[in-house]
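The entries follow in the order of looking.

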Amino acid sequence: MPLFYILLIVLAIPNIALDFTETMSLPAKTANVLLPVAAVWLTLTLSRRPGKMAWAMFPMMFFAAFQIVLLYLFGRSVISVDMFLNLVTTNPGEALELLDNLVPAVATVVIIYIPVLVLATRSIIRGETLPEAFLRRQRKAASAMLVAGLAALAAAYAADEDYRIENDMYPVNVCYNLVLAVERADATAHYAETSAGFTFHARPTHDAGEREIYVLVIGETARAMNFGIYGYSRDTTPMLSRTEGLTVFTDVLTQSNTTHKSVPMLLSAASAEDYDRIYREKSIITAFREAGFHTAFFSNQRPNRSFIDIFGMEADEWRFIKDGKDAEGNPSDDRLAELTEETIKKDYKKLFIVLHTYGSHFNYRERYPRSAAFFLPDNATEAVASNRPELLNAYDNTIRETDRLLATVAGMLRQSGALSAMLYTSDHGENIFDDSRGKFLHASPVPSYYDMHVPFIVWTSPSYRSAFPGTASALAANAGKSVASNAAVFHTVLSMAGIATPCREDSLSVASGMYRESPRHYLNDHNRPVALDRLGLDKEDMDMMRRRGMR
């Protein structure tokens, strides 16, 4: 009998915790405890063997453990579609690196759930059974709770027009999200079929005799507020600060705080407002290839079976430097600069390079050589708020590495003598225990200011500025305007390179005088655009945006 009650209690922990973390009406909070607990209660009465029932409920325990870790990291929200997709697109080494530094959360779920499984195993070995009379009493009590839960559910729908059981009730929402994740994975797997025959009808408009080089650098987990050129108190961008030809865009938000969605949007015409086109269309790399450019894609991340791989492999040459012979260790992003230099020296008349960095991804101190540890100490890696000073030191060291990469690439382009330009932005930012909420990392279903405000920097060569003064003027004029990075990159890079295509919209290009600000949207977990004021941002996030002068 004790195992029966223990199992019921530990499986109810996420429901009770979510009542404190989620913003819902009182009827909704009541229903979200009564209905799921009643359902579990009734399920446990299906067998007299409590040990077997405990192991049968293992998927529920896994979800509960996952949910507790999620609440530890982000303080709110249920297991999302993106979280499930992250499980299959994150390489094992990266996942273990993260878990190694989440000691409190991992210890909590181990302490709660492993003893239950041990007790269940012992119960099976001993052949323990529950009296039928006991099970009948439990069914009556659970049925009464179920009726009360249904009444609370009806009241929840009446009190809150936005309440939906598939979105708001754990574990129904988790199961629903799992189904959506499987559907999305299947859609990605069939991309070759759904995009077959697609063409941009792209054509060049610049002088065919001029040598041109364009580089798109996609950062990882870099937030704008930690860049010296964005007013940060620390000198994290000493090289970019001395680089001529930079245009720094100050009011830029990402439309997703997850890599597997943000990067594909940066590489394509898809955005929060029209995300599903990603399953039908090809990437910006193909547009450049159609226009006669030699294309290259170099990544400092491992292949993960996502659209990042699919789009990268559209290039004439592509390389994941952590795959194959370079798979061991954590090579710094310097290797991307070396590959860029090698490619530039091949003297292609028209060249487009995409660099996908590992940038500032946790574990931060693994992203730069020890000789580049400028801010010290930087050794702490455990994800606890007391380690914030050292975590921040390590994070800022990663920004200095990005600064060096960007300045180095800009120098190569300038020395090449080609008409050239480079655009850098990050897929998303990062939470580093920045306020009383204690948020860490990124990818929470409800984002924060810290993982949305990203750097967006454009560099142009002297020859490019001389050849296209109108573009240079447009960049300067748009630098202070609000920008959605995922919506702008595709159109900006194509317009800077003079590539015409029906898919290019100059109203979305910050390199065009036709650029227009538009209402901000965020791509939610169910791939729907949500207006920023409907996203559920906390007061702390809105205050930070106002403090930064963001619209």
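Entry: charges over rings. I looked up R234 and found it over the face of F375, at 4.4 Å from the ring centre. I then took R400, whose charged end sits over the ring of F374, 3.7 Å from its centre. I note that the model is predicted.

Entry: ring pairs. How many aromatic pairs does the structure hold? I read off 34. I looked up the rings of Y5 and F134: their centres are 5.8 Å apart and their planes stand at 85°, so I list the pair as edge-to-face, the class for planes over 60 degrees apart. Y5 belongs to helix α1 (residues 2–21) and F134 to helix α8 (residues 132–159). The two are 129 residues apart, and I record the pair as a link between distant parts of the chain.

Entry: cover of this pair. Is F134 buried or exposed? With a relative accessible area of 2%, F134 is buried. Y5 has 36% relative accessibility and therefore counts as partly exposed, since that class lies between 20% and 50%.

Entry: a further pair. I looked up Y191 and F311, whose ring centres are 5.9 Å apart with planes at 75°, so this pair is edge-to-face. Where do its two residues lie? I found Y191 in helix α11 (residues 191–194) and F311 in helix α14 (residues 307–312), so the pair ties together parts 120 residues apart in sequence. Y191 counts as buried at 4% relative accessibility, and F311 counts as buried at 0%.

Entry: overall build. I read 21 helices and 15 strands in the protein. For 551 residues, a compact globule would have a radius of gyration near 24 Å; I noted 26 Å for the protein, which agrees. I also took the span of the C-alpha trace along its principal axes, about 90 × 50 × 45 Å.

Entry: burial and contacts. I found that buried residues make up 58% of the 551 residues. The protein exposes about 21,800 Å², and carbon and sulfur atoms supply 58% of that area. For contacts between residues at least 6 apart in sequence, I noted that 76% join residues at least 24 apart. The Y5 and F134 pair, at 129 residues apart, and the Y191 and F311 pair, at 120, are the two I followed along the sequence.

Terms used. Residues numbered from 1 in each chain as written. Predicted model: local features only at pLDDT ≥ 70, side-chain atom pairs only at ≥ 80, totals over all residues. Heavy atoms only, no water. Phe/Tyr/Trp six-rings, centres within 6.5 Å; stacked < 30°, edge-to-face > 60°. Helix = DSSP H or I, 4+ residues; strand = E, 2+ residues; numbered from the N terminus. Buried < 20%, exposed > 50% of the residue type's maximum accessible area, 1.4 Å probe, protein only. Lys NZ or Arg CZ within 6 Å of the ring centre and 35° of its normal. Rg over C-alpha atoms; globule rule 2.2 N^0.38 Å. Contact = heavy atoms within 4.5 Å. Areas by Shrake-Rupley, 256 points an atom, 1.4 Å probe, with all protein chains shown as cover.
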